[in-house]
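Please keep the structure open while reading.

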Amino acid sequence: MPRDARRAQVLRIAQGLFATEGYHHVSMDDIADHAEVSKPVLYRHFPSKLELYLAVVDQRGAELLSAVEAAVAPVVSGPVRPGEGRDVVCAIVSSYVDFVEIAGESSSLLFESDVTRDAGVREHVERVTSEAARRIAEVLVDVTGLPGPSAAMLAASMTAMAQVAATHRFRSPDGPGPAEAADLVARLAWGGVAGLVRDDFEYDDRPRMVSGPSA
């Protein structure tokens, strides 16, 4: 098997084990056995269990950020128009719901990691959450007229709400489906955001140049 394909296979196996068993209950022996590779081969790809775990977290984090970017793209690439805010909020909530539907229990590696007492793991997990909130805050400034610090606080609250709601929906098969769940939570979130829009805010009707995610 080519090196890249083998690495992807190991990541996929490790992701499933870490998500279902937890970091501390999974050994490199377990991962090697499930991936059907020798330990020397496994260690050539990942020198330690922690490095393998962080690679899994980073992979999931990149997928979540990609979903958030796609959600805010219609606004950051063009003019902001009156009434567009609700669609933005709905798209953001939907991005979290859709991410969890695809990622399944492995989304817990970002939202409910059992290793966040480790400073290195916490940095990787919080980097994803912070970057998602930063991008959302940029958009909220444009659709509400709120100052940056206020939009940042609102974005952090929205990401927390979206994470909890998306995880609850995934683990409650008898509850609302993904689309209905996203709509319900978006309506709740927009009801709060709409009440914070400045009365004197004037929407910008000109296309804008917006920088991409920070490196």
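Is Tyr23 buried or exposed? Tyr23 counts as buried, because its relative accessibility is 11% and the cut-off for buried is under 20%. The model is predicted. Five aromatic pairs are counted in it.

- One of the five aromatic pairs joins Tyr23 and Tyr53 edge-to-face, with 5.0 Å centre to centre and 75° between the planes.
- Phe18 joins Tyr23 and Tyr53 in a cluster linked by ring pairs.
- Tyr23 also has a charge over its ring: the charged end of Lys49 sits there, 4.2 Å from the ring centre.

**Phe99 and Phe111**

- Both Phe99 and Phe111 are buried: Phe99 has 6% relative accessibility, and Phe111 has a relative accessible area of 17%.
- Each value is under 20%, so each residue counts as buried.

**Annotated span**

- The UniProt record, an unreviewed entry, places the feature "DNA-binding region" at residues 27-46.
- In the model, residues 27-46 are 75% helix and 0% strand.
- The end C-alpha atoms of this span lie 13 Å apart.

**His124**

- Where is His124 placed? His124 sits in helix α7 (residues 119-144).
- His124 is buried, because its relative accessibility is 15% and the cut-off is under 20%.
- Which side chain makes a polar contact with the side chain of His124? The partner is Asp58, at 2.7 Å.
- Leaving aside residues up to four places away in sequence, His124 touches Leu54, Val57 and Asp58.

Conventions:
Residues are numbered from 1 along each chain as its sequence is written. This is a predicted model: local features need pLDDT of at least 70, side-chain atom pairs count only at pLDDT 80 or more; totals for chains, interfaces and linings use all residues. Side-chain values use heavy atoms; hydrogens and water are left out. Rings of Phe, Tyr and Trp (its six-membered ring) pair if their centres lie within 6.5 Å; planes under 30 degrees apart count as stacked, over 60 as edge-to-face and the rest as tilted. Buried means under 20% relative accessible area, exposed over 50%, partly exposed in between (1.4 Å probe, protein chains only). A charge sits over a ring if NZ of Lys or CZ of Arg is within 6 Å of the ring centre and within 35 degrees of the ring normal. UniProt positions are given in the numbering used here, feature names are shortened, and annotations may be inferred rather than shown by experiment. Helices (H or I, at least four residues) and strands (E, at least two) are DSSP runs, numbered from the N terminus. A polar contact is a pair of N or O atoms within 3.5 Å; within protein, one must be able to donate a hydrogen and the other to accept it, and residues adjacent in sequence count only if both atoms are side-chain atoms. Contact means heavy atoms within 4.5 Å.
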